[in-house]
Amino acid sequence: MRRADRLFQLVQLIRGRRLSTAAFLAERLEVSLRTVYRDVADLQHQGVPIEGEAGVGYRLGSGFELPPLMFTQAEANALVIASRVAQAWIDGALARDVESALGKILSVLPPSARVAAEAQALFAPGTGLNERTQTTLKALRDAVQQQRLVRLLYLDLEDKPSERRVRPLACLYWGKVWTLSAWCELREDFRTFRVDRIETCELLDETYAQESGRTLADLMRRVECGFEK
């Protein structure tokens, strides 16, 4: 890789994360830690507002913009394929946003590159989520984003109904099945719900604050501890 390309990639990596350690940057760029330290220092001397220091991590200060990116043919191909797969298994509103974003990306490619990307012979048949599941998934995405409490009528695997008030934390895709990870106020604990088994989903006007022991990070730590055991 040319040094100019490496410096560009270095800025992109730092830009895409809240904090990037030198070890992370060295691994991604396949260079030594010494090279990362030297490159960061050179970029700082050139006026790139990289904050932080060796041994702590780096982040990009505000107000710095890079020119628009040009995608490689392989990257364009990957974006087309990923969007086809995603559109079959997300809700309609998000699928339309994916299609719009992909159109903008493809519009900046040279004509030959665009034709090659769209000619990829990998498709996802449009037989994914039914309409009710799509509607529920969209509502849950909004609830997670807005930190709004949700009232669910849920059917367990034996079709036994129960009503829950939950704090939605994340929607997870497992291959044909979406689940909701949430803090359940009834059980006073984390619970997982299959989205396609949610009969009704009502977004309440109440919002919730991030409380220690009830966040997505807390849930992930519990899952990781379970795997370690």
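Which residue takes a positive phi in the hairpin of E4 and E5? In this predicted model, Gly175 does, with a phi near 90°. Four residues lie between the two strands of that hairpin.

**Strand E5 and its partners**

Strand E5 covers residues 178-184. Strand E4, residues 161-173, pairs with E5 in the antiparallel sense over 7 bridges. Within this pairing, Pro168 has Ala182 of E5 as its bridge partner. E5 also pairs with strand E6, residues 189-194. That pairing is antiparallel too, over 6 bridges. Here Ser181 stands opposite Thr192 in E6. The hairpin of E5 and E6 has 4 residues between its strands, and Glu188 takes a positive phi near 55° there.

| Hairpin | Residues between strands | Residue with positive phi | Phi |
|---|---|---|---|
| E4 and E5 | 4 residues | Gly175 | near 90° |
| E5 and E6 | 4 residues | Glu188 | near 55° |

**Burial of E5**

E5 is mostly covered, with 7 of its 7 residues buried. In a regular strand, side chains alternate between the two faces of the sheet. Both faces of E5 are covered. One side carries Trp178, Leu180, Ala182 and Cys184, and these are buried.

**Confidence**

The protein chain averages a pLDDT of 88. At least 70 is reached by 93% of the residues. Confidence is highest in strand E3, residues 148-155, at 97. Helix H8, residues 216-228, is lowest, at a mean of 81.

How values were computed: Residues are numbered from 1 along each chain as its sequence is written. This is a predicted model: local features need pLDDT of at least 70, side-chain atom pairs count only at pLDDT 80 or more; totals for chains, interfaces and linings use all residues. Side-chain values use heavy atoms; hydrogens and water are left out. Buried means under 20% relative accessible area, exposed over 50%, partly exposed in between (1.4 Å probe, protein chains only). Two strands pair if DSSP finds at least two bridges between them. pLDDT is the predictor's confidence in each residue, from 0 to 100.
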